[in-house]
Amino acid sequence: KQQATIEFYERTLLKRVELSEYLGHDRESQRIRENIWAAKHGNRILGDAISEYLNIVELLAAATLLEIFDIDTMKRIARGRILAIAENYGEWIAYRRELFDSPELYIEIEHLAQRFQ
């Protein structure tokens with residue numbers, strides 16, 4: 001379980017590196033706010049990159065909360081990152097929920113962040 005957790009997390013990091021050209025770092029709150037603004041105002045490339053990234057993190061969060069992945073291992077290796085994602089992408093999450101009338105979109109990210117606080 002711990003090995004599977006680390007392996008999947010490693011894949012999310014590789015995807016993050018691939019998307020870093022567009023997204024920057026998870027803790028770069030100003031850049032993320034600017035990206036969200038641009039995506040909401042027509043920059044489809046940024047919008048797609050943000051959504052693709054959050055979809056991967058949502059899968060990671062759900063698998064962790066369902067105990068498919070080891071929560072203690074995830075907390076040790078990704079606590080700060082999960083908290084930063086939940087906080088810095090909160091505006092995008094709220095926007096997409098309203099846009100698609102989907103109040104539970106990305107809820108697992110929020111639940112995992114709450115669990116890690």
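Colleague: How many salt bridges does the structure hold?

Modeller: There are 7 salt bridges in this predicted model.

Colleague: Start with Lys-15. Which residue does Lys-15 form a salt bridge with, and how far apart are the closest N and O atoms?

Modeller: Its partner is Glu-52, with 2.6 Å between the closest N and O atoms. The two residues are 37 apart in the chain, so this pair links distant parts of it: Lys-15 sits in helix H1 (residues 2-23) and Glu-52 in helix H3 (residues 44-65).

Colleague: Is Lys-15 buried or exposed?

Modeller: Lys-15 counts as buried, because its relative accessibility is 18% and the cut-off for buried is under 20%. Glu-52 is partly exposed, at 32%.

Colleague: Which residues are linked with Lys-15 in a network of salt bridges?

Modeller: Glu-18 and Glu-52 are linked with Lys-15 in that network.

Colleague: Next, Glu-91. Which side chain does Glu-91 meet in a salt bridge?

Modeller: Glu-91 meets Lys-40, at 3.1 Å from N to O. This pair also links distant parts of the chain, with Glu-91 in helix H5 (residues 90-99) and Lys-40 in helix H2 (residues 29-40), 51 residues apart. Glu-91 is partly exposed at 38% relative accessibility, and Lys-40 is partly exposed at 31%.

Colleague: What about Asp-48 and Arg-44: how many residues apart are they in helix H3?

Modeller: They are 4 residues apart in helix H3, which means about one helical turn separates them. Asp-48 is partly exposed, with a relative accessibility of 43%, while Arg-44 is exposed, with 64%.

Colleague: Why would such side chains pair at all?

Modeller: Side chains of opposite charge can pair when their charged atoms come close.

Colleague: Changing topic. Where is Thr-12, and is Thr-12 buried or exposed?

Modeller: Thr-12 is in helix H1. Thr-12 counts as buried, because its relative accessibility is 1%.

Colleague: What is Thr-12 in contact with, leaving aside neighbours within four places in sequence?

Modeller: With those neighbours left aside, Thr-12 contacts Ile-56 and Arg-81.

Colleague: And Thr-73, buried or exposed?

Modeller: Thr-73 is buried, with a relative accessibility of 10%. The helix that holds Thr-73 is H4 (residues 71-88). Not counting residues up to four places away in sequence, Thr-73 touches Gln-2, Thr-5 and Ile-6.

Colleague: Now the nonpolar side. How many residues has the largest nonpolar core?

Modeller: The largest nonpolar core has 33 residues. Leu-23, Ile-50, Leu-54, Ile-82, Tyr-89 and Ile-109 have the most contacts inside this core. The elements giving two or more residues to this core are H1, H2, H3, H4, H5 and helix H6 (107-116).

Colleague: Which element gives the most to this core?

Modeller: H3 does, with 9 residues.

Colleague: Pick out Ile-82. What is Ile-82 in contact with, leaving aside neighbours within four places in sequence?

Modeller: Apart from those neighbours, Ile-82 contacts Val-57, Leu-60, Ile-109, Leu-112, Ala-113 and Phe-116. Ile-109 is also listed with Ile-82 among the residues that have the most contacts inside the core.

Notes
Residues numbered from 1 in each chain as written. Predicted model: local features only at pLDDT ≥ 70, side-chain atom pairs only at ≥ 80, totals over all residues. Heavy atoms only, no water. Salt bridge = Lys/Arg side-chain N within 4 Å of Asp/Glu carboxyl O. Buried < 20%, exposed > 50% of the residue type's maximum accessible area, 1.4 Å probe, protein only. Contact = heavy atoms within 4.5 Å. Core = buried A, V, L, I, M, F, W, Y, C linked by side-chain atoms within 4.5 Å.
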